[in-house]
Amino acid sequence: MKSDTTRKYWRSFDERNQTDAYKAEVSREFQDELDVSTPEPEGTSRRGFLGWVGASLAASGLAGCDAIRRPAEKILPYSVAPEEILPGIPQYYASVTQVGGEVVGVLVESHEGRPTKVEGNPLHRGSLGALSALHQSQVLDLYDPQRLRATAANGRALSAAEARALLAEKGAAWAGKRVAFLAEGVPSPQLARLRAAALARFAGAQWFTYESVSDDHQRAATQAVFGEALRPVYGFAGAKTILSLDADFLGGEGPAVAAARQWADTRRVGANKDASALSRLYAVEASFSLTGSNADHRVRASHAQVEAFAIAVAGQLGVSAPAASVVLEDRQVKAAAAVAADLRASGAGALVLAGRKQPPVVHALAAAMNAALGASVRYYPDARRAPDALGDMAAAKALVAALSAGEVDVLVILGGNPAYTFPADAKLADAVKKAGEVVYLADMTNETTAALDAAKAVVVPRAHYLEAWGDLAHIDGQVALQQPLIQPLHAALSELELLAALLGDKDAKGYDLVRGAWKDATGAVGFHKRWRRWLHEGVVDDAHAAFAASPKAPSGLGGLTATAAAAPAADKLDVLFVPSHNLFDGRFANNSWQQEVPDPLTKITWDNAALLSPATAKALGVVERPVDSDFAVDMVEVTLNGATLKTAAWVMPGLADNTVVLTLGYGREFKNYLPYQEGSYNDSTVYGFDVGPLRASAAPFAASGAKVTKVEGSYFIAAVQRYDNSRQHSIEGFENMERPKIVRETTVAGYAENPTFAKPGIIQHGAPMPDKTKFAVLHPEAKSIYGDFDYSQGHQWGMVIDLSTCTGCNACMVACVAENNIPMVGKDQVRRGREMHWIRMDRYFTGDDANPEVVHQPIACQQCETAPCENVCPVAATVHSPEGLNDMVYNRCIGTRYCANNCPLKVRRFNFYNYSKGQDELIHMQRNPNVTVRFRGVMEKCTYCVQRINKGKRNAALNPEVKQQIIDRITPACAQGCPTKAITFGDINNPKSEVAQLKAAALDYVLLSELNLQSRTSFLAKVRNPNPSFPG
Amino acid sequence: MTSQKNWGVLAEFANPAELLHAAQELHKLGYRKFETWSPFPIHGMDDAMGLTGSKVPWLTLGGGLTGLTIGLLLQWWTGAVDYPLVIGGKPYFAWQFATPVTFELSILLSAFGTVFGMFALNGLPRPYHPLDRVARFRRVTDDGFFLSVEVADPLFDMERTHNQLAELGGAHITVVEDK
Amino acid sequence: MSDTSPHNKESIFPPPFVAGKHDFHSITEAICGVVEKPLNINWILALGVAGTVMAMLFASIGYLFWEGTGIWGLNNPVGWGWAIVNFVFWVGIGHAGTLISAVLFLFRQKWRTAINRFAEAMTIFAVICALVFPGIHVGRVWAAYWMLPIPNQMAMWPNFRSPLLWDVFAVSTYFTVSLLFWYVGLVPDLATLRDRAKSKLAFWGYGLFSLGWRGANRHWQNYERAYMLLAALATPLVLSVHTIVSFDFAVSVLPGWHTTIFPPYFVAGAIFSGFAMVLTLAVPSRKLFGLEDFITIRHIENMNKIILVTGTLVGYAYAMEFFIAWYSGSPYEGFAFINRAFGPYWWAYLAMVSCNVISPQFFWSKKMRTNLTVTFILSIFVNIGMWFERFVITMTLHRDFLPSSWDYYAPTVYDMSTFLGSFGLFFTLFILFLKFLPAVAISEVKGVMPQADPHWEGYAHAHHAVSNAVSNKEAH
């Protein structure tokens, strides 16, 4: 009898007999359920080990140790120890991604091979070091348990290799067939190359590009004015006066991340004594966009009036303009005059932007005005589609028409979810069944997979960008390489691999395709070094830019005339379709981070609603429900040429009257699991309302002649700023109750005459406080009866948030979520006031309901030196560190919630339940191993990303020669992720640090100074730059 | 019954007044080891029996001082010596925030001193007492007023004491035996 | 002067503290009779009902431990909900007992004897109910003991700066001392029950706890001194407890909480609610158990007077809060109070004021004070009002400094079942007490009867005779 140590255990005859087949099977580290069978040509060691993480543990245990008896589930050995990897030390790799064609370069943080967080790549001109909330949230999609796991072809589940083989033979069989491709607008040189190859290979094939959030109008206008479809790139640097004609350039139109940064740089006062150099932003719009909320003057105008406004301004700038079809109100006429004067005065410092909702003529006018003013605008070819391609809406209609006519034998859908995003009059769901066969590269089962006829369809899992090779061209031609961080978790293919397979190359790997192509394009000489550098930096040298700026200048309006439109009326309202700030066109509907982050202006989470101006709501009998109504809101029915939609109604100040704003992307099922999402406030996991049925290809963004009626019933909305408490009170008759200003703002003029207006003691808007609130400032510098604690030694961390440049875009919130493993709690819990975001984005309206101004204020723990929360904790679970951090000790906390009660800013978050209970293990892979996942019953809050601080201090200690640089570079996730760099962090004990200098600035103030909190976080008061001669 | 020995005599009186009077007289006669038993404390009985004051207050004081000391030491040592933490920028120890707990502990230990001290001084709990052997004595917790004189008293003389009790109005005079 | 005027009657011949023709024995009979009677069906039914409600409490707590505090209506601004409201409510009720025993004892208010036992029992049970809540309301109940200064593996100590910790010490001290006080008072009566015991069980049971008390005068001497000292200790204690409970709020920085008037105002409120609860219980049970002779109309009336006084004090506090809020010039304070009265919780504020300030005013009239029905109904009103007072105070949380974090709090079914269940616990204990312990302090009642005084005129003759007899003997 052998001893147990040498005894073999076997699971199959093959295993016992060690047949070749078995050895082969085992020698492959990964079994069939996730196929990485083919060896890597290069970088094997890194990518190979990265793949480990995706491997099923049993398999790797087996591979590692040949089935000798061991706790196979518990060990994850590196059979080949990967170089340059220290467990616990994250790696960073450069890559690139896009949402709706807007490209940003990213730096991806990877823990033991798990990408956990993406940050902006400073070298990439689309990112400049930051990302939008959407781009950051994509990392969660990588681990979405709902992703397709294997190719489904006539009832069989295929591995990637099998799928490639199948596609190759299909491609071979398609000769002579009528093939149609439907792709998203992805500006990838490689995709363009393969597109060309495919069109060449399949004679008569059609290629349709469709993006629901479409730039058709811009395209049409540039086509008319320049003779080709171009995209404007605005030079904000040095801009003095910016006119946004319904263009939400801060909120996601165009390269918003970079634009926000460049715009903010013209708005920064900081420690400057002089604010006269600030740019001025005018926004003319009917909906309430993020850009509008940041404008110095927001001109409320109906959709048609925006065009009229543009015409009026153009006229005064000497640009030949057609006659407007609607009349402007008196105030708008005056405003137009003031704006025109301001633009003219700024000359080359002027910028005019036209929004995608606006008709082509407005874009043409903008181009003409910019040309007339000599504004710094450059135009680049639109790389998201073939130059001669149809517009998005036209493409949708053409494809559906072709399908319905039975003129498509083969339909290849490269990603997207057309059945959901197509306009109402192009119903793919019905037409697609007429296609002979369909190949669909899909993220997960969705409306489109449901519409397919399983017998004729091949559904291929689409690789996440962190799993696949590729390249993407920024709007200005800068190319960045998309390198994967991890082997595909499932048997997924990228667009490139799928196309290559169809073209017959069934072994083509993304790596070969991309690297090969670039080698061909840039020559073999020194390519290897070059390539390594590109991968390292994440961007390709501009010498190899995908395209250059168009030399063409706009000529006139290209024959575009004013659109015939009538002013909206109570019986025929305007309907505006805006992309969701959180779900975009719906592609983020299964992403809990985006579902739970509040809309920047309505503060609604998990839902959309029909937005109505207060006056319109009043006319329709839609009321804001009382506080104690569980926040149920009224329902309305919107009828637009035949189609009707029953949706929740939300009163939104500042909207144009007789206009209803509908948000795209909702009404889709949230398929993931959140332990407490079921609840009395949401009976289903379908959140919000699909406005698609109302959206016709003729009017994808703005339609008129809608009827809106209030209907029976109510709907629960989970908004994080409830019942318009934004006006700082909500008791009838006490509106004017004066309280020290929480947000403090002034104008450029006000700043000039009283720079220190925001300091404690002068809490009113630039004026001394009324006696009534003198208490607040009796002892602004009051010391505690015990005497203050000495923080003069060592690093003392502090933060400054600049309200002038914060646009309220939520990027910091998502960065914080990704960095700190913050649990998403679901609509029901948010409704109950239990959202867990450590940093929240407060939104205050000022001024009248009809046309208010907005202030965005990010609030996280202020790290008070005399923290009220610490004193009241009975078990000393929240105490102060020598570096001035208010440390929350999770494993000491017993959850009395006293600290949360006593926090004057209510920034503490309590785990009322075990919010991460029972989630899929894939989700766990996103977690940051340096941050505890909190259990139920403990309090949590912002830590200033103490794990990042300690990492920095560790590195500084290890590299004494660059100690100071490393310390200076310590940033919490929110500051790192802020596109406008509105958040500054650092050591306030170091007078040379940026944060210390900002804290010395005149505009610097702390919240609730009268409580003598000695907060470490302070704010720079907002400085608006209104036009003195603007009609009031 | 060889093991039996006398413990003393027990007399019953009609009401508090007679008991008080009897006690006065016995004390006058020089008896010391005698005791009165009643369902409720009788006003003036302590003087009548010539008892000195109770020692309970000293125990109360002792308890209180102990509580005070413990309270202060506990908060000072735990906060300032054993594990100092910066909390809300307050010092590691200050009398201001130490006051409530110190106060409560003082009260608590005073109470312990008082109650347990009182039981100790009274020699309670005492499951057995020779008087339990007298059936009538059970009425002491109802409406019986008794007076007992112990053999141990130097003046005790079965005959005389018995008569004196009888003359003082004592009824049902019984000799109480003890093991 | 005319004898018909009640006031004169009272002022000249105070009515006896024990009505009816009672001697020592009949008192023993009357009071012990309640205990010694065999169980009657009504009592069993009452216990059944109370027990069922109590079971609901434990069921709710069980589910709470299983799922977490999320089952309650708590949210981010409102971190404390009904649990804390109930805690303060019950602690408040737990004040009358010790107050009646201690303070009235120190002031030699002999009328207390009839009700103090009863009130002390109520105190203890109320404090037990109160202690349930801080225990279960924390997020991690299994770690709640970290609030006690026990050396632990984390080498951590509690934070003595926290009012919540002061609370732990205050309430537990209060509970312990009240329990001792109650027990000390019980010892002679337990002895009485022991000596009357028919069954062995009763004999051993009562015997064990009566510690062999036999009424020796030397014992009585220490006993009375100890009792007096306990009363002297309990009086500052009783005032300190609700003071410290009020610190939970007053020491915070929140508008509407950060108020120096809280300590006296809470104490007044506590006494107020305490007496109300005593009445709520006394009025029915004196009838049920035939104790009218001991808990007389005069007792009821005196308690109603106290309710009137404390109720008015509380009303004054409400008014003063508003004045200070305005006078402080703090817009936050000002808003907090306007929000209390006119904000979303206006109804709670209305209930509070009308129950606590308006309803006691009926007691200005003797007719009302001496009317049992009115007394009972108003005492219930006061209980409700005082619960709402705590609710209003706690709900101040829902709107503080930053409007962006304002929210609304609504209780869930589990908040309610827990609260209701705590009454089950309270009444279960109380019903058991009424059956197994003397509801009136036997020895004390005897002690305040006229014939308990050796110098009572009734004895004068006998006295004289005996003393002569003895002195004659001496002559021979």
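Predicted model: local features only at pLDDT ≥ 70, side-chain atom pairs only at ≥ 80, totals over all residues.
Trainee: Which residues does C:Phe391 touch?
Mentor: Leaving out residues up to four places away in sequence, C:Phe391 touches C:Trp82, C:Val85, C:Tyr345, C:Trp347, C:Ala348 and C:Tyr409. Contact here means heavy atoms within 4.5 Å.

Trainee: What makes a set of residues a nonpolar core?
Mentor: Its members are buried Ala, Val, Leu, Ile, Met, Phe, Trp, Tyr and Cys residues, joined through side-chain atoms within 4.5 Å. The largest such core has 307 residues, and C:Trp90 and C:Phe391 have the most contacts inside it. Helix α7 (residues 163-196) of chain C gives the most to this core, with 17 residues. Another core, of 61 residues, lies apart from it; A:Phe309, A:Val313, A:Ala366 and A:Val377 are among its members.

Trainee: Why is C:Leu45 called exposed?
Mentor: Set its value against the cut-offs. Buried means under 20% relative accessible area, exposed over 50%, and partly exposed in between, with a 1.4 Å probe and protein chains only. C:Leu45 has 54% relative accessibility, so it counts as exposed. C:Leu45 lies in helix α3 (residues 41-67) of chain C.

Trainee: Is A:Asn810 buried or exposed?
Mentor: A:Asn810 has a relative accessible area of 0%, so it is buried. Phi of A:Asn810 is near 75°, again a positive value in a residue other than glycine. A:Asn810 is in the loop between β30 (797-802) and α24 (811-820) of chain A.

Trainee: What describes the packing of α6(C) and α16(C)?
Mentor: An angle and a distance. Helix α6 (residues 113-137) and helix α16 (residues 413-436), both of chain C, pack at about 150°, with their axes 10 Å apart. Axes are lines fitted to C-alpha atoms, for helices over the stretch in contact, and angles run from 0 to 180 degrees between N-to-C directions. Helices themselves are DSSP runs of H or I, at least four residues, and strands are runs of E, at least two, numbered from the N terminus.

Trainee: How do the residues of that contact divide?
Mentor: There are 16 nonpolar, two polar and one charged. Ala, Val, Leu, Ile, Met, Phe, Trp, Tyr, Cys and Pro count as nonpolar, Asp, Glu, Lys and Arg as charged, and the others, Gly among them, as polar. C:Arg117 and C:Phe118 are among those from α6(C), and C:Thr418 and C:Ser422 are among those from α16(C).

Trainee: How do you know that β17(A) and β18(A) pair?
Mentor: Two strands pair if DSSP finds at least two bridges between them. Strand β17 (residues 470-473) of chain A and β18(A) have four bridges, in the antiparallel sense, so they pass that cut-off. The bridge partner of A:Leu472 in β18(A) is A:Ala480. The two strands form a hairpin with five residues between them, and A:Gly477 in the turn has a positive phi of about 95°.

Trainee: Why do β5 and β7 of chain A stand at the edges?
Mentor: The open sheet of seven strands has the order β5-β4-β16-β15-β14-β6-β7 (chain A), with mixed pairing. β5 (156-158) and β7 (206-209) each have a single partner strand, so one side of each is left without a neighbour in the sheet. The twist averages 15° from one strand to the next.

Trainee: In what sense do β15 and β16 of chain A pair?
Mentor: Parallel, over five bridges, between β15 (residues 437-442) and β16 (residues 457-461) of chain A. A:Tyr440 has A:Val459 in β16(A) as its bridge partner.

Definitions and conventions. Residues numbered from 1 in each chain as written. Chains lettered and ligands numbered in written order. Heavy atoms only, no water.
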